[in-house]
Amino acid sequence: MSKAFRFHQHGGPEVLRLEDVQVGEPGGGELRIRNTAIAVNFRDVLVRRGTHAVKAFPSGIGMESAGVIEAVGPGVRDFAVGQRVVCVAGPDAAYAEARIIPAARAIVLPVAINERTAAAMMIRGMTARYLLKETYRVQPGDTILIHAAAGGVGQIVCQWAKHLGATVIGTVGSDDKASAAREHGCDHPLVLGRDNVVERVRALTGGEGVAVVYDSIGKATFEDSLRCLRRRGILASFGEASGDPEPVPPRLLGQLGSLYMTHPSLGDYTATRAALLETANDLFNMVMSGKVRIDISKTYPLAEAPRAHADLEARRTTGSIVLTA
Ligand SMILES: NC(=O)c1ccc[n+]([C@@H]2O[C@H](COP(=O)([O-])OP(=O)(O)OC[C@H]3O[C@@H](n4cnc5c(N)ncnc54)[C@H](OP(=O)(O)O)[C@@H]3O)[C@@H](O)[C@H]2O)c1
């Protein structure tokens, strides 16, 4: 048995309930891990709310946790009881003391990476990596715009983009968050709701606009994001913290300068074991070399997951937040 969060209907943080669940033995190709640290990603809020509706109730929640292998299923090679691993994988069941995971999605942790850091950084850091190196390949001298620059993904994007030689413009929700973004490499933090983002971006780029906008806020920022791009720039719309934007006729992309638009997902950039390991190893190297610092602004005991959700969706957090089991 394990304590695990489940929910029986979509709704606010209060629908999350800590229940006793049977974990059982791992099947073929599976591992059972005892979690020590569990990520709280904004995605989990969207799943709980129903923006990303679950297939059936009751449902577990969370895709990312780090811990220690306590049982290895039949046919699994390359893993052993006692190894420390991190896993980014469904089905949603990570907010738990123990869980079964597919071995194909487990990654053994380097000695230098502790489990809390691992839980704080894998989804967020692997997302930052594919956005900067694959969705659009950031070049030295590029100017980029990242929304929610003080958040979990945002802080990593700022640091990594600086390492790639870019100038980083970021949006944040407050002056305190502007300081947090600046500490992580954001050259020009702009405060949403106060600064005119389009005007400021045009002024900072000599009127040209940015090469790429990484937009995870959605409805509230989407149109401005398009208007911040340079000719033939790319909008990577990779999240909807404020809701889904209105539909855009393709012709508008032409009118604004032959723009490109994509909605990338981490799963599509790490679909194979080789892609997963390449992405994870690149991230580990960036963190172990000190080029990217993982900021865990707050940890909560597992039982306080609803409070963690309330803080995240009320925009009270910076960096990553983690549950400890
Ligand atoms: N597509 C993918 O592959 C992928 C993978 C991972 C994450 N994501 C997305 O990336 C984003 C960042 O994820 P994260 O877990 O690191 O979260 P996060 O950035 O730490 O938290 C979300 C931030 O969004 C900003 N925000 C602006 N308007 C908001 C609103 N109406 N409601 C809530 N937040 C609002 C807030 O920052 P300010 O107060 O500073 O504005 C808030 O702190 C999320 O949208 C997530 O869904 C996408």
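Visitor: How far does a backbone N or O atom of Phe42 lie from an oxygen atom of the ligand?
Guide: The model is predicted. Phe42 is among the closest of the 27 residues that surround the ligand. From a backbone N or O atom of Phe42 to an oxygen atom of the ligand, the distance is 2.8 Å.

Visitor: What share of the ligand's accessible area does the protein cover?
Guide: On its own, the ligand has 900 Å² of accessible area. Around it stand 27 residues, including Tyr130, Lys177 and Leu266. The protein covers 91%.

Visitor: Which strands stand at the edges of the six-stranded open sheet?
Guide: The order is E11-E10-E9-E12-E13-E14, with parallel pairing. An edge strand here has a single partner, so one side of it is left without a neighbour in the sheet. The twist averages 15° from one strand to the next. The edge strands are E11 (188-191) and E14 (260-262).

Visitor: In E14, which residue is the bridge partner of Ala236?
Guide: Strand E13 covers residues 229-237. Three bridges join E13 to E14, and the two run parallel. The partner of Ala236 in E14 is Thr262.

Visitor: What angle does the direction of helix H3 make with that of E9?
Guide: H3 spans residues 152-163 and packs on the sheet. The helix touches E9 (143-146), E10 (167-172) and E12 (210-215). Its direction and that of E9 make an angle of about 170°.

Visitor: Which residue in E4 is the bridge partner of Arg6?
Guide: Strand E1 (residues 2-7) pairs with E2 (residues 17-21) in the antiparallel sense over five bridges. There, Ala4 stands opposite Glu19. E1 also pairs with E4 (residues 59-60), again antiparallel, over two bridges. In E4, Arg6 has as its partner Gly60.

Visitor: Are H2 and H9 roughly parallel or roughly perpendicular to each other?
Guide: The axes of H2 (residues 115-135) and H9 (residues 273-288) come within 9 Å and cross at roughly 100°. The contact includes Met121 and Arg129 of H2, and Leu276 and Phe284 of H9. Angles of 65 to 115 degrees count as roughly perpendicular. The two helices are therefore roughly perpendicular.

Notes. Residues numbered from 1 in each chain as written. Predicted model: local features only at pLDDT ≥ 70, side-chain atom pairs only at ≥ 80, totals over all residues. Heavy atoms only, no water. Pairing = 2+ DSSP bridges. Helix = DSSP H or I, 4+ residues; strand = E, 2+ residues; numbered from the N terminus. Axes fitted to C-alpha atoms, helices over the stretch in contact; angles between N-to-C directions. Contact = heavy atoms within 4.5 Å. Near = heavy atom within 4 Å. Polar contact = N/O pair within 3.5 Å; in protein donor to acceptor, adjacent residues only side chain to side chain. Areas by Shrake-Rupley, 256 points an atom, 1.4 Å probe, with all protein chains shown as cover. Parallel < 35°, antiparallel > 145°, perpendicular 65-115°, else oblique.
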